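Hello,

Here is the structure for you to open alongside this message. My notes follow below it.

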2 protein chains.
Amino acid sequence: MISVLVDHIRRYVSLDEREVALLAEYIEVVDVKKKAFLLKEGEVCKANYFVIKGCCRSYFTTEKDTEHVHLFAIENWWITDYGSLERKTPSMYYIQTLEPCTLGVLNRDKQDELFAAIPQLERYFRCVLETALAAAHMRIKYIYSQTGHERYNHFSTLFPEFVQRIPQYMLASYLGFTPEFLSKIRAGKIS
Amino acid sequence: MISVLVDHIRRYVSLDEREVALLAEYIEVVDVKKKAFLLKEGEVCKANYFVIKGCCRSYFTTEKDTEHVHLFAIENWWITDYGSLERKTPSMYYIQTLEPCTLGVLNRDKQDELFAAIPQLERYFRCVLETALAAAHMRIKYIYSQTGHERYNHFSTLFPEFVQRIPQYMLASYLGFTPEFLSKIRAGKIS
DNA sequence: CGCGACGTTGATTTGCCTCAACGATTGTGG
DNA sequence: CCACAATCGTTGAGGCAAATCAACGTCGCG
């Protein structure tokens, strides 16, 4: 299963056989059941998680106990709280599996050693982060320039299979409105 | 002036004298007048810009010709469009100076060579990107969980000097509401 | 000086939320 | 394997935060 991750890394940098073996040694592959928590609010994030199979979400809550979905991660995405991971500060986020998952786990306390052994990984994660940052900026762009209705149309044409895969109330939260409103959009009751 | 950048890099990785000299060779330091464009919509972004002195913004426009401020960069921040820079695709953003600026310019076509010469820079930019990503995620968190009024209070207590430094209509745009609304908040006419 | 950019204020409109009530579906313990 | 609860989605009525539109004051600059 680690080969899925190796393939992903090789999209950005080259790895020889010795390095692949090292990776397999440092990255733990685990199966996790549905609705398990990889991180909870207040904890220090301990690892970066690569989704080999399944789907996760990151979310936070407000005083009023409303959940706000921050981002989703499906196959071939990394998910973590970089702020908490790097500064070892308590996180404001939850990270939770939405399906039974197979994950590649890179523990923070093994990370420096692994990067020293395979220096190309610095570049790989730089590329991963560039992509994630561009995605976050796109997200902000759409929040600022489109109505809820437009964001739903845009998202569901871009990722039709994803809309099937996750509960609607999480999609609504991710897009920045209420489940009731999403329901009305789908029923064609909005403009 | 390049010493400002060297100091910033040394917060994350170490550089010997030879490497500092190399940096000075690869990073061009330029003075740019107020309201100059470093990038325009439709262009491919050619460089990553480090703000040594001054202030820049990145923004985009919608069909209706309304500007939306995406982010600001002041001293010790890098600003670019990573999506456009790395994939060499046309950008959706403008990047513009708001004050007379001194900038460190890392041209994309020199970047690979520089990274090969000073491999620690891969790690440095990984750290810079982690910080930028955490900031973008915080931004999304506040957009989703706070009202406009709350975002203004939060921002102006966190960065009081910054509120003085930039036009109000840009701050309003950055915070996700209209200049009229900001004016009413400041006049105490909102709740 | 005069024009354009910027900020202010008030009246009106609207996108979306809140609340509440009710089907449908899922899942779990007896 | 069924019964019942909990979770999830739908629908409608009413309300509010913030947008839009329009008009006017002010400042800086060519």
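This is a predicted model, so please read the notes below with that in mind.

DNA strand C first. It is surrounded by 17 residues, and the closest are A:G148, A:F177, A:F181, B:S183 and B:A187. Two helices of chain A, α6 (148-158) and α9 (179-186), each give two or more residues to this surface. The largest share comes from α9(B), with 5 residues. By type, the surface near DNA strand C has 6 nonpolar, 7 polar and 4 charged residues.

Next, the contact between the chains. Here 26 residues of chain A meet 26 residues of chain B. On the chain A side, β5 (67-73), α3 (82-87) and α5 (120-145) each supply at least two residues. The largest share is that of α5(A), which gives 17 residues. This side of chain A divides into 12 nonpolar, 7 polar and 7 charged residues.

Finally, the symmetry. How is chain A laid on chain B? A turn of 180° with a shift of 0.0 Å along the axis does it, at an RMSD of 0.0 Å. That relation is a two-fold axis. In chain A, the residue that comes closest to the rotation axis is A:R126, its C-alpha at 2.4 Å. Both copies use the same surface: 100% of the contact residues of chain A recur in chain B.

Best wishes

Terms used
Residues numbered from 1 in each chain as written. Chains lettered and ligands numbered in written order. Predicted model: local features only at pLDDT ≥ 70, side-chain atom pairs only at ≥ 80, totals over all residues. Near = placed C-beta within 6 Å. Helix = DSSP H or I, 4+ residues; strand = E, 2+ residues; numbered from the N terminus. Nonpolar A, V, L, I, M, F, W, Y, C, P; charged D, E, K, R; others polar. Contact = placed C-beta atoms within 7 Å. Least-squares fit on C-alpha atoms with pLDDT ≥ 70 in both.
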